[in-house]
Each structure stands twice: as structure tokens, then as C-alpha cells.
Amino acid sequence: MAMACRTLELTLLSASDLRGVNLVSKMEVYAVVYLAGDPRARQRVATDRAGGRNPSWKGKDATVRLAVPASGAGSGAVRVLLRAERAGLGGDRDVGEVFVPLPDVLAGAGDGPTAAAVASYPVRKVGSSRTTHGVLNLSYKLGGVVHPDPAAAAAATCSCKPAAPAAGGSTMAYLAAAAAAYRAAPPPPPPLYGYRQLPPIPQPVPPMGAVAGGGVRAGR
């Protein structure tokens with residue numbers, strides 16, 4: 001069933017004291033943002049090439065927009081994965097990650113748009129819930145709640161339509177009667193012929209010396 005949703009607009013501002021992952025060159029940090037558990041919808045934030053371990057995205061394309069549930073009930077989070085570009089050095093490397101809990105973002109928000117709020121989150125080592133190194137500063141705001149159209153929601157959740165009912169009856173009555181008749185019918189007998197060939201019917205073997213008609217063959 002389709003649910004009401006709204007847009008979360010999240011903007012990266014800056015980070016400080018990030019873990020150094022480049023031993024030779026200065027770190028050039030960017031971010032990949034998506035709803036945790038759905039990496040197919042990831043969005044990339046522009047690379048900061050000046051700040052090193054203290055990047056700033058001021059004046060850069062650092063805003064992403066995500067569709068989120070309208071209410072904060074349940075769980076869910078936005079994952080911000082910080083990475084460092086390493087051209088020609090074996091590929092980009094993970095710097096750290098931040099999980100922004102959706103219940104915290106949506107708590108107390110009405111149905112209308114909200115003003116931007118600023119928040120700071122510790123940057124954790126990827127795959128670790130305890131090791132932190134640095135802080136990420138960001139802002140976020142919510143769009144108004146969008147309620148699904150009932151007719152569109154029904155069409156989206158059911159792609160097949162039931163057959164037209166017979167004259168004088170309804171589809172549900174027809175289906176109920178068919179189901180009752182199916183349950184009451186005895187199980188069909190096993191098929192006489194299938195993919196396997198039935199074994200031949202055994203025939204009595206006449207004793208040695210016997211001939212057709214019950215006589216006995218004379219010895220030589």
C-alpha cells in the first residue's frame with residue numbers, strides 16, 4: 001500500500017578532523033548519500049579539493065533530496081559515506097560514515113514544510129559502531145507531506161484486474177462459489193497414462209512341454 005511521503009533536503013556544510021587515509025597526497029573528500037539499505041538511490045556530493053582532513057562544501061553542489069516517509073514511526077536512517085579520491089592509486093578510499101536517524105529528523109514535524117536545521121554527527125569508521133574520528137556538520141529541511149491519490153495507489157498496487165462478473169452476479173460471489181466447489185470436489189483419480197509407460201501385465205508361463213490347447217508335446 002502506498003504511504004504518504006515527503007522530501008528531505010540534506011546539505012553537507014563541513015567536516016573536521018577526519019581520519020587521514022592518504023599517506024602521500026592531500027585528501028580530496030566527497031560524499032555519497034542514500035537511504036540506508038537502498039544503495040541504488042545513492043547521490044554523490046561534490047568533491048572538496050582544498051580542505052584535506054577538514055573539508056568544506058560551502059558554495060559547492062552539496063545538497064541531495066530524498067523521498068522519506070511522512071512520519072517518524074519505526075526506524076530508518078540516511079547514510080552519508082565520506083570518501084577520498086585517489087586517482088591512479090588503487091581507487092578511492094572510505095574515510096568514514098554518518099547515519100542520520102530518520103525518527104530524529106521527522107520528530108515533531110507537521111504536515112507543512114519546515115525551516116532548515118543544523119546538526120552535527122560523529123564520523124565513524126566504516127563498519128564500526130564505536131570507533132569515531134571527526135565530526136560532520138550538515139543542515140536539513142523537510143518538504144510538505146504528499147498524500148497518495150487513492151485511485152493511483154490502487155492501480156500501482158494491483159496490476160491485474162479481475163474478470164468481468166457474469167450477468168446477475170458479482171465478481172466476489174463468483175469467486176467464492178468457485179472456491180467452495182473446488183474444495184468440495186473429490187480428488188481426481190490418478191492418470192492412466194503419463195510420461196512414464198505402464199509396466200506390462202504379467203502373463204502365466206506354460207510349463208515346459210505344454211502346447212497350446214492344454215496338450216502335452218510328445219517326446220522324440
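**View 1. The side chain of R6 reaches the backbone oxygen of G112 at 2.9 Å.** This is a polar contact (N or O atoms within 3.5 Å; within protein, one must be able to donate a hydrogen and the other to accept it, and residues adjacent in sequence count only if both atoms are side-chain atoms). R6 also reaches the backbone oxygen of G110, at 2.9 Å. The model is predicted: local features need pLDDT of at least 70, side-chain atom pairs pLDDT 80 or more, while totals for chains, interfaces and linings use all residues. Residues are numbered from 1 along each chain, and side-chain values use heavy atoms, without hydrogens or water.

**View 2. R6 is buried but has no salt bridge.** Buried means under 20% relative accessible area; exposed is over 50%, and partly exposed lies in between (1.4 Å probe, protein chains only). A salt bridge needs a side-chain nitrogen of Lys or Arg within 4 Å of a carboxyl oxygen of Asp or Glu. For R6, the nearest side chain of opposite charge is D111, 5.4 Å away.

**View 3. R49 and E28 form a salt bridge at 2.5 Å, N to O.** These two residues are 21 residues apart, each in a loop. R49 is partly exposed, at 47%. E28 is partly exposed too, at 24%.

**View 4. The charged end of R44 sits over the ring of Y30.** The distance to the ring centre is 3.6 Å. The rule asks for CZ of Arg or NZ of Lys within 6 Å of the centre and within 35 degrees of the ring normal.

Technical notes. Lys and Arg count as positive and Asp and Glu as negative; His and the chain ends are not counted. Helices (H or I, at least four residues) and strands (E, at least two) are DSSP runs, numbered from the N terminus.
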